[in-house]
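Hi,

Here is the structure I said I would pass along. Have a look at it first, and my notes on what turned up follow right below.

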Amino acid sequence: MTLLVNLGLGLLFGIGLVVSGMSDPAKVLNFLDLFGTFDPSLAFVMGGAVLVAFIGFRLVLRREAPVLAPRFHLPTRRDIDARLIVGPALFGIGWGLGGFCPGPAFTALGLGAAGTLVFVPAMLAGMWAARRLGDAQG
Amino acid sequence: MTSFTPLASLIGGMLIGLSAVLMMLLEGRIAGISGIASRLLPPYRDAGLAGRLAFIAGLIAAPFIVAAATGQPVMQTVSADPVLMAAAGLLVGFGSVWGSGCTSGHGVCGLARLSPRSAVATAVFMATGFATVFVVRHVLGN
């Protein structure tokens, strides 16, 4: 059951990425190019996603528990530490270089562009390194 | 140039939001792609690997479903520079895990939950994203 649910959720998320245009690095890079070929479309992607999630989360979190799990797992940390600045800063640089964030990189994988086939393994290696380093630091 | 697509982008964004809401309703979890992807690799600390693989399989299948439904191939433009894409991938992978989230976990789910941490993270990655494209296109002139 949980396999089918996750497959369906990934499919829906990915269809959203493709329909919105966010799966195309050229569109992402033009969104980030305020002083050049600026394409504001991605503001509508973020706006639509946040709006639906803002309303939907409020409705869902009135429940005692989720449908398929014993309880909700929500982030509880409130502190702003150095990792919360350094991590997103590095992520944004990589996003601005390649035009991919993690979700769109996976939707692009099967389309087989050479750049994607380099990006995805490098991304997974970076994720692995961050987890190992984070574990080592405690 | 890419064309401005407000309606398609709004609808696509709402589908992304719907997936995040259903993830919360059914599994009780934040739909954070960097969290899901980073835990495809060991060490494994829970029994959720199969579910995460299924979610990623859904992402990979999505463009083929859209192409089949619309009868149009999914178009995209990806840099073929292997050094640039390797550096970009390492930075995106390391940075998203180091900062506990990416565009989905912080940018969509976190902002929707009015999380101060996610607001900071989103402001930082948007700022460095804008700055990087500015430097690459308008300072270095690529």
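B:Pro43 sits in the loop that runs between H2 and H3 of chain B. The peptide bond joining B:Pro42 and B:Pro43 is cis, with omega at about 0°. Keep in mind that this is a predicted model, so take that bond as part of the prediction.

One is B:Ser100, in the loop between helix H4 (82–98) and H5 of chain B. Its phi is near 60°, a positive value in a residue other than glycine. Is B:Ser100 buried or exposed? B:Ser100 has 24 C-beta neighbours inside 10 Å, and the cut-off for buried is 20 or more, so B:Ser100 counts as buried.

The other is B:Leu114, which you will find in the loop between H5 and H6 of chain B, just after H5(B). Phi of B:Leu114 is also positive, near 55°, and again the residue is something other than glycine.

H5 of chain B covers residues 103–112, and nine of its 10 residues are buried. The buried ones are B:Thr103, B:Ser104, B:Gly105, B:His106, B:Gly107, B:Val108, B:Cys109, B:Gly110 and B:Ala112. What does the covering? Both chains contribute: the cover includes helix H3 (41–60) and helix H5 (102–109) from chain A, along with helix H1 (6–27), helix H2 (33–38) and helix H6 (116–139) from chain B.

Stepping back to chain B as a whole, there are six helices and zero strands, which reads along the sequence as α-α-α-α-α-α. The C-alpha trace of chain B spans about 45 × 40 × 30 Å along its principal axes. Of the 142 residues in chain B, 50% are buried. If you take the contacts in chain B between residues at least 6 apart in sequence, 42% of them join residues at least 24 apart.

Then the interface. How many residues of chain A are in contact with chain B? There are 106 of them, and they meet 101 residues of chain B. On the chain A side, helix H1 (2–20), helix H2 (25–31), H3, helix H4 (82–98), H5 and helix H6 (114–137) each supply at least two residues. H1(A) gives the largest share of that side, with 18 residues. By class, the side of chain A that touches chain B has 69 nonpolar, 28 polar and nine charged residues.

The axes of H1(A) and H1(B) come within 7 Å and cross at roughly 160°. Anything over 145 degrees counts as roughly antiparallel, so that is how H1(A) and H1(B) run relative to each other. The crossing of H1(A) past H1(B) is left-handed. On the H1(A) side the residues involved include A:Leu9, A:Leu12, A:Phe13 and Gly16 of chain A, and among those they meet in H1(B) are B:Ile11, B:Gly12, B:Leu15 and B:Leu22. That contact has 15 nonpolar, six polar and no charged residues.

Not counting residues up to four places away in sequence, B:Val66 touches A:Ile15, A:Val18, A:Val19 and B:Val74.

Last, the core. The largest nonpolar core has 76 residues, and those with the most contacts inside it are A:Ala49, A:Ala53, A:Phe119, B:Ala20 and B:Leu91. H3(A) provides the largest share of this core, 10 residues. As for A:Phe119, leaving aside its neighbours within four places in sequence, it is in contact with A:Gly98, A:Phe100, A:Ala105, B:Met85, B:Ala88 and B:Gly89.

Cheers

Technical notes. Residues are numbered from 1 along each chain as its sequence is written. Chains are lettered from A and ligands numbered from 1 in the order in which they are written. This is a predicted model: local features need pLDDT of at least 70, side-chain atom pairs count only at pLDDT 80 or more; totals for chains, interfaces and linings use all residues. A residue is buried if 20 or more other C-beta atoms lie within 10 Å of its own, exposed if 12 or fewer, and partly exposed in between; C-beta atoms are placed from the backbone. Helices (H or I, at least four residues) and strands (E, at least two) are DSSP runs, numbered from the N terminus. Two residues are in contact if their C-beta atoms, placed from the backbone, lie within 7 Å. Ala, Val, Leu, Ile, Met, Phe, Trp, Tyr, Cys and Pro count as nonpolar, Asp, Glu, Lys and Arg as charged, and the others, Gly among them, as polar. Axes are lines fitted to C-alpha atoms, for helices over the stretch in contact, and angles run from 0 to 180 degrees between N-to-C directions. Angles under 35 degrees count as roughly parallel, over 145 as roughly antiparallel, 65 to 115 as roughly perpendicular and the rest as oblique. A crossing is left-handed if the near helix is turned anticlockwise from the far one by less than a right angle, and right-handed if clockwise. A nonpolar core is a set of buried Ala, Val, Leu, Ile, Met, Phe, Trp, Tyr and Cys residues joined through C-beta atoms within 7 Å.
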